[in-house]
Amino acid sequence: MPHKITLIPGDGIGYEVSHAAVRCIEACGVDIQWDSVLAGQDALEKTGELLPQNVLDSIKKNKVALKGPLTTPIGTGFRSVNVAIRQALDLFACVRPAKTYPGVKSRFKDINLVIVRENSEDLYAGIEFQEGKPETESLITQIEKDTKKNMRHDSGISIKPISKFASERIVRFAFEYALENNRKKVTCVHKANIMKFTDGLFLQIARQVAAEFSGRIIFEEAIVDNMAMQLVQKPHNYDVLVLPNLYGDIISDLCAGLIGGLGIAPGANIGREMAVFEAVHGSAPKYKGKNKANPTAMILSGALMLRYIKENKAADKLEQAVSQVIAEGKSVTYDLKPDPLDVSAVGTSQMADAIIDKLKR
Ligand code: NAI
């Protein structure tokens, strides 16, 4: 029986990198039947909707999707199609491994971190009040009354909800992930010293969950600004990081920088019943159609997907092939060359060809 998997090709560089990933995944010999559906700008042009219902239906049916990056349209009222998919399917855990591969230019060697980012709430909940609107004015008046504090009446407001429920499930996910993947330590990253009732709650719940895993997984706490500095100085001190949504987003890119850039940083959005695999990077519109973008992040997201569907051997093979091509440093895209202007850099599809070549040996 083939695995049925939803494929959202994406836009910008999305089509190129997801096409490269599909070719590499297929070269692993896994029997996959792709259900290709459009979301984002392409879907808007064809159907008038950025996130057509058939996209969500396909993922709900197949339970697994591989997704290329999608451009966030400006001025449509839609915050982000990517965030909308995660919220509509309750893909509450964003898992982003950050690992150095030999041959990648990076200040550090042997980094092997995993970021577990809460995906459903925090400042990404999309609860915002625009400056100058009557509802914003009435909210400001109410806040002033309840808190006895003054606010500027020409403010815009974004709400940061952090619940016990969502904090508990993400921290538990991080600890369970750590146990299943032979990790030693979980660090809870927060700003509880300032945001006592949101980050403070996240930390309080993290401490409670951590107590259940005591003796099996080490628990640490870190304030997010200090964490940013520690990561660029001593990244080897960390293992699994669990963070609320916004800090998770920022620290993910920082960690991508530690391991050689966004071109090689994969990710997964995981819920109770389904998962969507996608690179950390976006649609990099300036490289669209230029066969220039690095397909590695998308291919490694495919390897994460193969593990999720229990095709571990194929996942190992794929990761090894990627690793070999990067280590050889010949058939790699511009961003993996010591000099980005190196004319020997290959294109997206040629790098995929080199990986497929290794898979066939
Ligand atoms: P971006 O990640 O698309 O690009 C930032 C820069 O990183 C690029 O200019 C490029 O220099 C480099 N880069 C990214 N991917 C690369 C690759 N595969 N190979 C080589 N270099 C690469 O971030 P940006 O420019 O902030 O966002 C562009 C669009 O993508 C926006 O509309 C944004 O909302 C969207 N986006 C979508 C995401 C998703 O689909 N999950 C995630 C992040 C952004």
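Let's start with strand E10, residues 240–243. Strands here are DSSP runs marked E, at least two residues long, numbered from the N terminus. Val240 and Val242 point one way from E10, and Leu241 and Leu243 point the other way. In a regular strand, side chains alternate between the two faces of the sheet. Buried or exposed, these four? All are buried, and buried means under 20% relative accessible area, with a 1.4 Å probe and protein chains only.

A word on the model. It is predicted, so local features need pLDDT of at least 70 and side-chain atom pairs count only at pLDDT 80 or more, while totals for chains, interfaces and linings use all residues. Residues are numbered from 1 along each chain as its sequence is written, and side-chain values use heavy atoms, leaving out hydrogens and water.

Now, E10's partners. Two strands pair if DSSP finds at least two bridges between them. Strand E5, residues 112–118, runs parallel to E10 and is joined to it by four bridges. There, Arg117 has Leu243 as its bridge partner. Strand E8, residues 185–190, also pairs with E10 in the parallel sense, over three bridges. Thr187 stands opposite Leu241.

Next, the domains. The bounds come from an automatic or database domain assignment. Domain 1 is 1–94 + 265–361, domain 2 is 107–117 + 162–259, and domain 3 is 122–160. The centres of domains 1 and 2, taken over C-alpha atoms, are 25 Å apart. Their contact takes nine residues from domain 1 and 10 residues from domain 2. Contact means heavy atoms within 4.5 Å.

On to the cores. A nonpolar core is a set of buried Ala, Val, Leu, Ile, Met, Phe, Trp, Tyr and Cys residues, joined through side-chain atoms within 4.5 Å. The largest has 97 residues, and Leu66, Leu318 and Ile355 touch the most other members. Why does this core lie between domain 1 and domain 2? Because both domains give residues to it. Take Ile355. Leaving aside neighbours within four places in sequence, Ile355 is in contact with Cys24, Ile299, Leu318, Ala321, Val322 and Val325.

Last, the ligand. How many residues surround it? The count is 23, and the closest are Thr72, Asn82, Gly282, Ala284 and Asn294. A polar side-chain atom of Thr72 lies 2.7 Å from a ligand oxygen atom. A polar backbone atom of Leu70 is 2.9 Å from an oxygen atom of the ligand. For Tyr334, a side-chain N or O atom is 3.1 Å from a ligand nitrogen atom.

Methods: Buried means under 20% relative accessible area, exposed over 50%, partly exposed in between (1.4 Å probe, protein chains only). A residue is near a molecule or strand if one of its heavy atoms lies within 4 Å of it. A polar contact is a pair of N or O atoms within 3.5 Å; within protein, one must be able to donate a hydrogen and the other to accept it, and residues adjacent in sequence count only if both atoms are side-chain atoms.
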